[in-house]
Amino acid sequence: MDLLVVGGGPAGLATALHAARAGLDVAVWEQRAGTVDKACGEGLMPGAVTALGALGVHPPGHDLRGIRYIAGPRRVDADFAAGPGRGVRRTTLHAALRETVLAAGVRVEQRTARRVEQDEDGVSVDGTRAGHLVAADGLHSPIRRALGLDRPRRARPRHGLRRHYELVPWSDHVEVHWAPHAEAYVTPVAGDLVGVAVLTGARGSYDDHLAAFPELRERLAGALHAGPVRGAGPLRQDTSARTVGRVLLVGDAAGYVDALTGEGVALALAQAPAAVRAVINGDVAGYEREWRRLTRRYRWLTHALLGATRMPPARAALVPLAQRLPWLFAATVDALARPARQHQASGPSG
Ligand SMILES: Cc1cc2nc3c(=O)[nH]c(=O)nc-3n(C[C@H](O)[C@H](O)[C@H](O)COP(=O)(O)OP(=O)(O)OC[C@H]3O[C@@H](n4cnc5c(N)ncnc54)[C@H](O)[C@@H]3O)c2cc1C
């Protein structure tokens with residue numbers, strides 16, 4: 001096998017698809033059975049929609065026109081200049097990706113990877129040999145940890161909680177509601193379904209946090225819950241490197257700052273072809289450079305926003321400032337929307 005991918009989330013499945021289409025013999029190991037759900041805001045930025053479309057993956061959802069920031073009575077919105085994004089339920093996204101991956105002839109096995117060894121010629125995972133290994137095993141990547149690529153965290157941990165409501169969406173913007181200790185991200189994902197994800201560094205249940213958003217709580221009152229609350233975190237994951245030997249980290253496994261800008265899936269989809277290109281070219285170090293380039297704007301912007309909004313006065317000033325400087329808000333939203341540019345636009349094998 002040329003490439004083993006551990007993790008069957010968006011990063012792993014997109015990597016496998018690029019690899020298969022480039023003619024590599026590739027398999028995916030995913031520890032969970034069937035359609036995989038996950039705590040996520042479920043807003044696909046326009047760049048993610050474009051990248052999925054290029055792979056022939058068109059998950060149904062709800063078009064997103066842009067982003068709206070709300071704090072009490074203040075609100076400001078900006079539309080995506082790069083075309084619409086899409087709110088897509090995680091299970092819908094997973095099913096669409098998985099179906100395309102299987103149709104491309106990739107073997108997807110329900111297996112948990114446990115032990116990784118490597119030598120000059122290849123990688124061995126629990127005794128299965130492959131030329132290279134992509135670890136796309138998520139935020140708390142066990143492979144990253146086992147390979148010693150985890151860096152200790154310094155920041156106060158933030159985490160996310162998400163619930164779906166059976167409601168007709170009232171907006172085609174992703175709404176970000178700001179409260180002193182949490183943000184709520186409202187994403188329409190179907191004609192009768194709205195996802196609400198709360199990001200916070202504070203303790204408490206989903207409903208405790210929702211109490212900080214009275215206007216939103218009123219809108220959601222009485223709506224049926226479609227499924228349980230799902231959580232994820234700590235969100236911030238620092239890594240010392242994205243590659244070691246013949247192993248490449250892709251998606252959240254490669255490091256994560258925060259979900260504040262809703263770009264995780266777009267970034268995973270941008271990293272996938274870069275990793276496959278590195279495998280094909282035998283240039284694993286090239287992936288490290290490409291990863292830095294592809295994620296630079298995300299890392300910079302997310303750190304800046306997180307740092308600023310950690311200070312209560314700056315947090316309170318954010319939405320009024322965005323109202324006063326609409327061009328700055330529009331430019332920021334536009335930056336989020338733009339697809340990450342690959343070095344060789346022609347695909348993984350260049
Ligand atoms: C609250 C919250 C809100 C978010 N909102 C958004 C948003 O609005 N838009 C957006 O684009 N992104 C958002 N994100 C980020 C997005 O969810 C992630 O960036 C994305 O899921 C990363 O995909 P991945 O494939 O790297 O990881 P995952 O989707 O986590 O997939 C990793 C997979 O690896 C499997 N796995 C783990 N260990 C093993 C093992 N040992 N063997 C086999 N399989 C294994 C897991 O079961 C899992 O299926 C949000 C994240 C959070 C937490």
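This is a predicted model: local features need pLDDT of at least 70, side-chain atom pairs count only at pLDDT 80 or more; totals for chains, interfaces and linings use all residues.
Strand β1 spans residues 3-6, and its side chains are divided between two directions. L3 and V5 point one way, L4 and V6 point the other way, and all of them are buried. Strand β1 is paired with two strands. With β12 (residues 132-135), the pairing is parallel and comprises 4 bridges; within β12, V134 is the bridge partner of V5. With β2 (residues 26-30), β1 also pairs in the parallel sense, over 4 bridges, and W29 of β2 is the bridge partner of V6. Between β1 and β2 the chain passes through helix α1 (residues 10-21), forming a β-α-β crossover that is right-handed.

Helix α2 covers residues 46-54, and its buried residues are P46, G47, A48, V49 and L52. After α2 comes G56, which has a positive phi, near 80 degrees.

Residue T309 belongs to helix α8, which runs over residues 284-310. T309 has a relative accessible area of 5%, and because this value is under 20%, T309 is classed as buried. A polar atom of the T309 side chain lies 2.7 Å from the backbone oxygen of L305. When residues up to four places away in sequence are not counted, T309 touches W178, R315 and L318.

Conventions. Residues are numbered from 1 along each chain as its sequence is written. Side-chain values use heavy atoms; hydrogens and water are left out. Buried means under 20% relative accessible area, exposed over 50%, partly exposed in between (1.4 Å probe, protein chains only). A polar contact is a pair of N or O atoms within 3.5 Å; within protein, one must be able to donate a hydrogen and the other to accept it, and residues adjacent in sequence count only if both atoms are side-chain atoms. Contact means heavy atoms within 4.5 Å. Two strands pair if DSSP finds at least two bridges between them. A crossover is right-handed if, with the strands pointing away from the viewer, the path from the first strand over the helix to the second runs clockwise.
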